[in-house]
Amino acid sequence: MRTRMLFTLLALAACCGAEIIERVAATVGTRAITQSHVLLEIRLSAFLDGVAPDFSPASRRAAAGRLADRVLAGIDMEIGKYPAPEASEADAQLAAVRQQHPAGGEAWVRALEGAGVREEDLWLYLREQLALLRFIEARFAPGVQISEKDLRDYYEGAFTRDWESRASRPLPPLEEARAGIEEILRARRVDALLDDWLKEARERTRVEFKEEAFR
């Protein structure tokens, strides 16, 4: 399957030539996010979280925002020719989700039907998430540097306070906690870089939400 195909599915889809004209919930440049995209996003996210879907106006607006951000990321992935995950990787992700319904195939089918989700949509969603995570890691993580001062400040501050409020064991020395702290700080820096990039991307590409679609 060609890399580009992944980025034309789900949230990254542009306006299709469908016979039924759907109500547009948002636009990102010339690309449209329809209400069906929004509802599917809510159903898939809720299914994976094991909660009931929330179709309130606020939830639909938040889902549209997530989709818009993924469209912006998808545009950059297309330009940068980032490779798509292998189908086998999405297969493994789907298999892991299925293991949460161990009663057999019928239980899995009932779970999907109860959530209003098709297995093929879930597979595509999981593959898209893999692609997005790899894009974020490749695009932003290489520029993140964690200094010794950053590590020590976090260890002596937030880490110590959190440990003393939760754990009954003595505080571990910095060297034992180093790897975990580095991971926390790196993730925070990557998130901050991603937020800055999304802000700039929204300025470069017009993002418009149709507020009437969320009433």
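The side chains of E89 and R134 form a salt bridge, with N and O 2.1 Å apart. A salt bridge here is a side-chain nitrogen of Lys or Arg within 4 Å of a carboxyl oxygen of Asp or Glu. E89 lies in helix α4 (residues 87–98) and R134 in helix α6 (residues 119–140), so the pair ties together parts that are 45 residues apart in sequence. Helices (H or I, at least four residues) and strands (E, at least two) are DSSP runs, numbered from the N terminus.

E89 is partly exposed, at 24% relative accessible area. R134 is partly exposed too, at 39%. Buried means under 20% relative accessible area, exposed means over 50%, and partly exposed lies in between (1.4 Å probe, protein chains only).

## About the model

This is a predicted model: local features need pLDDT of at least 70, and side-chain atom pairs count only at pLDDT 80 or more, while totals for chains, interfaces and linings use all residues. Residues are numbered from 1 along each chain as its sequence is written, and side-chain values use heavy atoms, with hydrogens and water left out.

## Overall layout

The protein has eight helices and three strands. Along the sequence, their order is α-β-β-α-α-α-α-α-α-α-β. Of its 215 residues, 40% count as buried.

How many salt bridges does the rule give? The count comes to 21. Side chains of opposite charge can pair when their charged atoms come close.

R152 takes part in a salt bridge with E148, at 3.9 Å from N to O. The two residues are four apart in helix α7 (residues 148–166), so about one helical turn separates them. R152 is partly exposed, at 38% relative accessibility. E148 is also partly exposed, at 39%. R152 forms a salt bridge with E156 as well, and here the closest N and O atoms are 4.0 Å apart. Again, the two residues lie four apart in helix α7, about one turn of the helix. A network of salt bridges links E148, R152, E156, E175 and R178.

## The nonpolar core

The largest nonpolar core has 38 residues. Such a core is a set of buried Ala, Val, Leu, Ile, Met, Phe, Trp, Tyr and Cys residues joined through side-chain atoms within 4.5 Å. Those with the most contacts inside this core are I33, V38, F135, I181 and W197. The elements giving two or more residues to the core are β1 (24–28), α2 (35–49), α3, α6, α7 and α8. Which element gives the most? Helix α8 does, with nine residues.

## A negative patch

D191, D195, D196, E200 and E203 form a negative surface patch. Patch residues have over 30% relative accessible area and no salt bridge; like charges are joined within 9 Å, and nonpolar side chains (Val, Leu, Ile, Met, Phe, Trp, Tyr) within 5 Å. Asp and Glu count as negative and Lys and Arg as positive, while His and the chain ends are not counted. The place of a charge is taken as NZ of Lys, CZ of Arg, CG of Asp or CD of Glu. Accessible areas come from the Shrake-Rupley method with a 1.4 Å probe.

E203 sits in helix α8 (residues 174–204). Is E203 buried or exposed? E203 counts as exposed, at 63% relative accessibility.

## Two loop residues

K81 lies in the loop between α3 (57–80) and α4. K81 is not a glycine, although its phi is positive, at about 55°. At 69% relative accessibility, K81 counts as exposed.

F55 is found in the loop between α2 and α3. F55 is partly exposed, at 34% relative accessibility. L39 is 16 residues from F55 along the chain, and their C-alpha atoms are separated by 7.4 Å.

## Contacts across the sequence

L132 lies in helix α6. At 16% relative accessibility, L132 counts as buried. L132 and A73 are 59 residues apart along the chain, and 7.5 Å separates their C-alpha atoms.

A187 is in helix α8. A187 is partly exposed, with a relative accessible area of 39%. In sequence, A187 and E137 are 50 residues apart; in space, they are 9.6 Å apart, C-alpha to C-alpha.
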